[in-house]
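Hi,

Here is the structure I promised to send over.

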Amino acid sequence: MERTKDLNSTSARAETGAVAPASSPSARPGVVAAAVYQQGQRIRDIRIEEAGEWRTHENAVVWIGLHEPDEMLLHQVQAEFNLHPLAIEDAAQPHQRPKLEIYGDAMFIVARTAHMKDGEIVFGETHLFVGRGYVVSVRHGASSSYLAVRQRCEATPAALAHGENYILYSILDFIVDNYMPVIEVVQEEVETLEDLMLREQLTKVDIERLYMLRRKLLRLRNAVVPLVDVCRRYEHIDLPGMDSTLQSLFRDVTDHVRRVQEDIDALREVLAFAFEASVMIGQTEQTAIARKLASWAAILAVPTAIAGIYGMNFNDMPELKFQYGYFVVLGVIATLCVTLFALFRRAKWL
């Protein structure tokens, strides 16, 4: 069917009751929402079986949201929009690297999502199929619902009239915006560890937490950095309906992603410095303890050595017959010990 068909007559029949309303798509497992829009206005909810026909109407765009769909549902969506088999295969298997692939006149985009849950960073994944007249989002794992994105788009019909390109921008912008609360939470925890490190030595638990934060920041960086290339490539792709306004919006998303990347890199450097500083502080304290032990060992070596000499059982030692020899030896020991103590104290070893 040609895309030159108009939805006006169809929507009019739907309002007068000539067209039966579609059953709620959310009643089907895996389908979160499925609707058709024309000129930025929501026309109606549709079933997956109707999507292929509706997307061919003039100025119409079908927006379908899926959450962890089964293979049967994915293959049905593939048949409706003639999606590439390799893209469907990737969408059925999560843990893909963020990327943008072009299959003819359609695109397949993978983006990693992140948000905080119970004080921990949890990661999800979103696969996006974008083509003339349709957008299909497939969420896997701990990913935020895109209901807020849909409501925001429906609240601005003039922007939504740009079709699938504006929907894609809105989803990517939502994904990038959700990185910021994660960064803020991590930054607060990093600052807490920094303050603790300056006040006292980090414990084993603190160091383990520091290491875990670095590892999660690395995972977050691996999710964010490829998205920079995805957004940059999308800016320069010649797509129908992509005007200068939309290109500036995608540049804005790219700038946001780069800012998130810079924040992640800065936090990782701070954590690395905190770890190195903690090690250096520990080594400094160990050195101070070793100096104290060495100082006291040197002081105690004086009476030990003298007592050892006079503890030998020889009859011809001259000091044995001296009347005040015992007191002289004690005085020598005390003098030497006090002198050593003063020298070590001056050198700040004690």
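Glu-125 is buried, at a relative accessible area of 3% (buried means under 20%, exposed over 50% and partly exposed in between, with a 1.4 Å probe and protein chains only). You'll find Glu-125 in strand S6, residues 120–131 (strands are DSSP runs of E with at least two residues, helices are runs of H or I with at least four, and both are numbered from the N terminus). Before you read on: this is a predicted model, where local features need pLDDT of at least 70 and side-chain atom pairs count only at pLDDT 80 or more, while totals for chains, interfaces and linings use all residues. Residues are numbered from 1 along each chain as its sequence is written, and side-chain values use heavy atoms, without hydrogens and water.

Back to Glu-125. Its side chain makes a polar contact of 2.6 Å with the side chain of His-127 (a polar contact is a pair of N or O atoms within 3.5 Å; within protein, one must be able to donate a hydrogen and the other to accept it, and residues adjacent in sequence count only if both atoms are side-chain atoms). Beyond four places in sequence, Glu-125 is in contact with residues including Gln-93, His-95, Arg-112 and His-140 (contact means heavy atoms within 4.5 Å). Ala-111 is 14 residues away from Glu-125 in sequence, with 6.0 Å between the C-alpha atoms.

Arg-112 sits in strand S5, residues 106–117, and is buried too, with a relative accessible area of 19%. A polar atom of the Arg-112 side chain lies 3.3 Å from the backbone oxygen of Gly-124. Among the other residues that Arg-112 touches are Gln-96, Phe-123, Tyr-179 and Arg-219.

Next, helix H5 (residues 147–154), where Val-149, Arg-150 and Cys-153 are buried. These three cover an arc of only 100° around the axis, so they are on the same side of H5 (the arc is that of the directions from the helix axis to the C-beta atoms). An α-helix has 3.6 residues a turn, so residues three or four places apart point the same way. The buried residues of H5 pack against strands S1 (31–38), S2 (41–45) and S3 (60–67), and against helices H6 (157–160) and H7 (164–177).

As for the whole chain, there are 11 helices and seven strands. Of its 350 residues, 43% are buried. Among contacts with a separation of 6 or more, 66% are between residues 24 or more positions apart.

Cheers
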